[in-house]
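Subject: Structure for you to look at

Hello,

Here is the structure I promised to pass on. Please open it first, then read my notes alongside it.

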Amino acid sequence: MSSDNYKGIHHFPVKPPEIRLFDNCIAENTELWNTHFSHDPSIFKDESSGNYYVYSTDVGRLPKWGIQIRCSKDLINFKFLGWALADKIPDEVKEWTNCRGLWAPDIIKVGNEYRLYYAASTFGSQNSVIGLAVSNSPEGPFEPRGIVLKTRKGDPVNAIDPNIIIEEGTGDHYMVYGSFWSGISILMLDKETGLAKEEGFGKRIATRPGYVLGSVEGPYIKYNPKTGYYYLFVSYGSLFSDYNVRVGRSKKVTGPYLDYNGVELTNLSINANDVGLKITTGYRFGESQGWMALGHNSVLNDNGEWFIVHHARPEPTGEYTEKEVLRWPCMHIRRIVWSDDGWPLVNPCMYAGEKLRPVDFSFVTGTYERIRFENSPESLVTVSKKMYINKDNTCLINDSTGDSTGTWKPEDGGDISSLIVQYDGTVEKYKIIPSWDWENKKPTLALTGLDNKGICIWAKKVD
């Protein structure tokens, strides 16, 4: 369906700013960065101003090695504000880690105080620190308060990638953290100071066997009051290539966290790639620019509207070297919708201001590019295949095993906000999101779904 068919229909977002890749004019001018060069992004909404802030690892494009700060009023256009703690890494942090910069921040507001947590280390080292800096403004300046946790070689964990979660009911503060080694742990904090309340390394809540092949990092916990669950988001794989986000959930902030199939995220008895509900994947729709390494996320609940924020890297092409691609991380923001049984599903299209509204039956039929996630992908991106949703409620699905015919039906009556596809014993339940097609530069319908085997699927309408 052409763009003209969507004119005047209030469901669909208007054209957002384009993402310009591999443009050195952008690289050298922070006023043009917008979502470029943001790594390990942590989203925060300041209720006092209504502004959205993102804090992220500095990727070293300019001679600063602090935490980057961006501000937005709409989650689409971001202004780069500068660096937190850019002028001087605290002496005790530098001495312990010999770091060149600060990584993986997270921020919360307690009373009138903004608490910025950050990690310091060197790549592959356990001589690591999680530190705390505070300010009376989300834009800083931030002043160091102290070290929350230190680790050294031989410790069971690595003190990086902090995220702070406040327990419902009790108001107790916890820090979830970790990377590689034994994985992810959760530690209680002193809510008065923001520093550690208990000795040791806390409780392990996610792990994987091995080292590189068993990597798990970038934890983020978010509570959903509608489902009553805490959701633990973690990243599997390498931040340079096959990063992907997995999810488990628990009724308690300290776990245990179970995936869609009831497997605990600490389970080491089954294939490491079969644990955790995989909700992002490296992807390419048709012949367009692909994206890889969708990981190290944060999550925002904005008065009942949910968003995931993560970094991604453009897929290497013949025109650009792999080294150049690695130097162009971009921040992606995507809407989250929830499955009927309470699992987060991610929009395949980046956020452009779309609203969640049902659509007319006539909009749903057509040709889609479809991606079924693979737990153990053979490539850095999964390439889409065609799916045809026909007016007579039949469908045709192309996938790696060949063509399958099946049926589809709306899950609700009247205008459609979700649909069910069935074929060859597989049942896929999709949520429909009127979206912006960033690759083809036009409005479209996006589908995000989950099948009866615990596999996520993305699709977007192309005709």
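Start with the lining of the second largest pocket. By class, 13 of its residues are nonpolar, two are polar and eight are charged. Bear in mind that this is a predicted model.

How big is the second largest pocket? Its volume is about 630 Å³. In total, 23 residues line this pocket. Ile108, Ile164, Ile166, Tyr220 and Lys222 are the closest to its centre.

Now turn to the largest pocket. It holds about 970 Å³ of space. Its lining has 42 residues, and His39, Trp103, Phe123, Leu239 and Phe240 are the closest to the centre. Look for β1 (39–45), β5 (103–110) and α3 (322–326) here, as each supplies at least two lining residues. Sorted by class, the lining of the largest pocket has 17 nonpolar, 16 polar and nine charged residues.

Next, the aromatic rings. A pair of rings is described by the distance of the centres and the angle of the planes. The whole structure has 20 aromatic pairs. Here are two to find.

Where do the two residues lie? Trp33 is in the loop between α1 (24–27) and β1, while Phe80 is in strand β4 (residues 78–84). Is Phe80 buried or exposed? Its relative accessibility is 11%, and buried means under 20%, so Phe80 counts as buried. Trp33 is buried too, with a relative accessible area of 0%.

The other pair is Phe307 with Tyr351. It is edge-to-face, at 4.9 Å centre to centre and 75° between the planes.

Ring pairs link Phe22, Trp33, Phe37, Phe80, Trp83 and Trp328.

Lys150 lies over the face of Trp96, 4.0 Å from the ring centre. The charged end of Arg249 is over the ring of Tyr229, at 4.1 Å from its centre.

Best wishes

Key. Residues are numbered from 1 along each chain as its sequence is written. This is a predicted model: local features need pLDDT of at least 70, side-chain atom pairs count only at pLDDT 80 or more; totals for chains, interfaces and linings use all residues. Side-chain values use heavy atoms; hydrogens and water are left out. On a 1 Å grid over the protein atoms alone, a cavity is a set of points where a 1.4 Å probe fits but cannot get out, and a pocket is an open set with protein on both sides within 12 Å along at least five of seven lines; lining residues have an atom within 4 Å of a point. Grid points are joined across faces, edges and corners, and a volume is the space filled by probe spheres set on the points. Helices (H or I, at least four residues) and strands (E, at least two) are DSSP runs, numbered from the N terminus. Ala, Val, Leu, Ile, Met, Phe, Trp, Tyr, Cys and Pro count as nonpolar, Asp, Glu, Lys and Arg as charged, and the others, Gly among them, as polar. Rings of Phe, Tyr and Trp (its six-membered ring) pair if their centres lie within 6.5 Å; planes under 30 degrees apart count as stacked, over 60 as edge-to-face and the rest as tilted. Buried means under 20% relative accessible area, exposed over 50%, partly exposed in between (1.4 Å probe, protein chains only). A charge sits over a ring if NZ of Lys or CZ of Arg is within 6 Å of the ring centre and within 35 degrees of the ring normal.
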